[in-house]
Amino acid sequence: MGKQHWTWTVIHDPDHFGKHGFKRPQKMIKKINTVNLIYLEEQAENLIAKGLASKEGDAIVIDVTDLGYDKVLGKGKITKTFKISAPQFSASAIEKIEEVGGEAIEL
């Protein structure tokens with residue numbers, strides 16, 4: 001841009017040069033690891049065998065933080081009764097867990 005266009009830039013586009021806004025550092029953004037109910041149902045027997053879950057009566061007790069997850073999502077249909085402990089649940093996950101007689105324990 002030459003000198004002759006400087007007046008136009010100052011009048012019509014004063015924010016053309018310089019830094020604007022703020023970009024948050026990537027290390028400050030926490031990624032939430034999620035797990036779906038259908039995955040927990042499919043892997044329930046494997047988790048019990050590995051000692052990552054236990055059976056309490058007819059309910060399967062799972063703490064998803066031990067599995068490395070932070071949030072339980074409600075994708076899929078479940079038929080087993082679960083007692084799931086997690087920091088966060090989606091509304092549909094709570095509804096589906098309680099629908100089959102389970103319990104969603106928020107940490």
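Let me start with Asp70, which counts as buried at 19% relative accessibility. The cut-offs are under 20% for buried, over 50% for exposed, and partly exposed in between, with a 1.4 Å probe and protein chains only. The areas come from the Shrake-Rupley method.

The model on the screen is predicted, so local features need pLDDT of at least 70 and side-chain atom pairs pLDDT 80 or more, while totals for chains, interfaces and linings use all residues. Residues are numbered from 1 along each chain as its sequence is written, and side-chain values use heavy atoms, without hydrogens or water.

Back to Asp70. What does Asp70 form a salt bridge with? The partner is Lys30, and the closest N and O atoms are 3.5 Å apart. A salt bridge here is a side-chain nitrogen of Lys or Arg within 4 Å of a carboxyl oxygen of Asp or Glu. This bridge links distant parts of the chain: Lys30 is in the loop between helix 1 and strand 1 (34-36), Asp70 is in the loop between helix 3 and strand 4, and the two are 40 residues apart. Helices (H or I, at least four residues) and strands (E, at least two) are DSSP runs, numbered from the N terminus. While Asp70 is buried, Lys30 is exposed, with a relative accessible area of 62%.

How many salt bridges are there by this rule? The count is three. Another one joins Glu45 to Lys80, with 3.8 Å between the closest N and O atoms. Glu45 sits in helix 2 and Lys80 in the loop between strand 4 and strand 5 (82-86), so this pair ties together parts that are 35 residues apart in sequence. Both ends are partly exposed: Glu45 at 47% and Lys80 at 26%.

Then there is Lys83 with Glu56, at 3.0 Å from N to O. Here strand 5 holds Lys83 and strand 2 (residues 53-56) holds Glu56, so the bridge ties together parts that are 27 residues apart in sequence. Lys83 is partly exposed at 25%, and Glu56 is partly exposed at 46%.

Next, the rings. The structure holds one aromatic pair. Tyr39 and Tyr69 form this pair, which is edge-to-face, with 6.5 Å centre to centre and 70° between the planes. Tyr39 lies in helix 2 (residues 37-50) and Tyr69 in the loop between helix 3 (64-67) and strand 4 (71-73), so parts that are 30 residues apart in sequence are tied together. The limits for ring centres are within 6.5 Å, with planes under 30 degrees apart stacked, over 60 edge-to-face and the rest tilted. Tyr39 counts as partly exposed at 35% relative accessibility, as does Tyr69 at 21%.

Helix 2 also contains Ala44. Is Ala44 buried or exposed? At 0% relative accessibility, Ala44 counts as buried. Ala44 is 40 residues from Ile84 in sequence and 12 Å from Ile84 in space, C-alpha to C-alpha.

Last, the surface patches. Glu95, Glu98, Glu99 and Glu103 gather in a patch of negative charge. Patch residues have over 30% relative accessible area and no salt bridge, with like charges joined within 9 Å and nonpolar side chains within 5 Å. Helix 4 (residues 91-99) gives the most to the negative patch, with three residues. Glu103 is in strand 7 (residues 103-106) and is partly exposed at 38%.

Trp6, Val10, Ile11 and Phe17 make a nonpolar surface patch of about 440 Å². Val10, which is found in helix 1 (residues 6-12), is partly exposed, with a relative accessible area of 44%.

Methods:
Accessible areas come from the Shrake-Rupley method with a 1.4 Å probe; for residues, only the protein chains shown count as cover. Lys and Arg count as positive and Asp and Glu as negative; His and the chain ends are not counted. The place of a charge is taken as NZ of Lys, CZ of Arg, CG of Asp or CD of Glu. Rings of Phe, Tyr and Trp (its six-membered ring) pair if their centres lie within 6.5 Å; planes under 30 degrees apart count as stacked, over 60 as edge-to-face and the rest as tilted.
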